[in-house]
Amino acid sequence: MKNTTLIIGAIYGLVSVILGAFGAHALKKVLSIDKLASFETGVKYQMYSALFLLIVGYILKFETPSEKWISILMIAGTFLFSVSIYLLAFSEVASIPSKAIGPITPLGGLLMIISWAMLIFYFVKAKF
């Protein structure tokens with residue numbers, strides 16, 4: 001799980017830099033200002049999660065189920081949150097039904113919040 005966390009963290013970081021550059025240059029002509037701002041939010045949170053996963057990948061030993069779930073929830077939550085925002089940003093341009101995708105974003109955010117809360121609990125329990 002440790003290697004998976006580090007690899008996915010690195011992939012999330014790479015993809016967020018690529019999408020951030022793409023958004024800053026190519027999407028200005030395609031998306032409205034509001035949709036571009038939403039797209040950038042997805043990129044920011046993906047990068048925050050990439051850094052989270054890289055740090056957690058080095059801090060945690062992944063010996064307990066809760067340590068594994070910290071990583072799993074952040075990986076899944078980030079995917080659901082950011083990808084749904086990317087799809088929503090393109091909903092008008094690509095005729096993507098936003099009603100079907102919209103509820104996925106808060107679910108992804110909730111998983112990310114739970115992951116952060118579990119990390120806090122881990123630190124409190126570890127008594128650093």
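**Basis.** I am working with a predicted model, in which local features need pLDDT of at least 70, side-chain atom pairs count only at pLDDT 80 or more, and totals for chains, interfaces and linings use all residues. Residues are numbered from 1 along each chain as its sequence is written, and side-chain values use heavy atoms, with hydrogens and water left out.

**Overall.** I found 5 helices and 0 strands, in the order α-α-α-α-α along the sequence. Helices (H or I, at least four residues) and strands (E, at least two) are DSSP runs, numbered from the N terminus. The C-alpha trace spans about 50 × 25 × 20 Å along its principal axes. Of the 128 residues, 38% count as buried; buried means under 20% relative accessible area, exposed over 50%, and partly exposed in between, with a 1.4 Å probe and protein chains only. I also looked up contacts (heavy atoms within 4.5 Å): among those between residues at least 6 apart in sequence, 76% join residues at least 24 apart.

**Helices α2 and α3.** I took α2 as residues 33-59 and α3 as residues 65-89; their axes come within 8 Å and cross at roughly 165°. Axes are lines fitted to C-alpha atoms, for helices over the stretch in contact, and angles run from 0 to 180 degrees between N-to-C directions. The two helices are therefore roughly antiparallel, a label for angles over 145 degrees. The residues in contact include Phe-39 and Phe-52 of α2 and Tyr-86 of α3. By class, I noted 14 nonpolar, 8 polar and 1 charged residues in this contact. Ala, Val, Leu, Ile, Met, Phe, Trp, Tyr, Cys and Pro count as nonpolar, Asp, Glu, Lys and Arg as charged, and the others, Gly among them, as polar.

**Aromatic pairs.** I listed 6 aromatic pairs. Rings of Phe, Tyr and Trp (its six-membered ring) pair if their centres lie within 6.5 Å; planes under 30 degrees apart count as stacked, over 60 as edge-to-face and the rest as tilted. Phe-39 and Tyr-86 have ring centres 5.0 Å apart and planes at 45°, so I logged this pair as tilted. The pair ties α2 to α3, parts 47 residues apart in sequence. Phe-39 is buried at 3% relative accessibility, and Tyr-86 is buried at 10%. Phe-39, Tyr-86 and Phe-90 form one aromatic cluster.

Phe-52 and Trp-116 pair edge-to-face, at 4.6 Å centre to centre and 65° between the planes. Trp-116 lies in α5 (residues 104-126) and Phe-52 in α2, so this pair ties together parts 64 residues apart in sequence. Phe-52 is buried at 4%, whereas Trp-116 is partly exposed at 44%.

Terms used:
Parallel < 35°, antiparallel > 145°, perpendicular 65-115°, else oblique.
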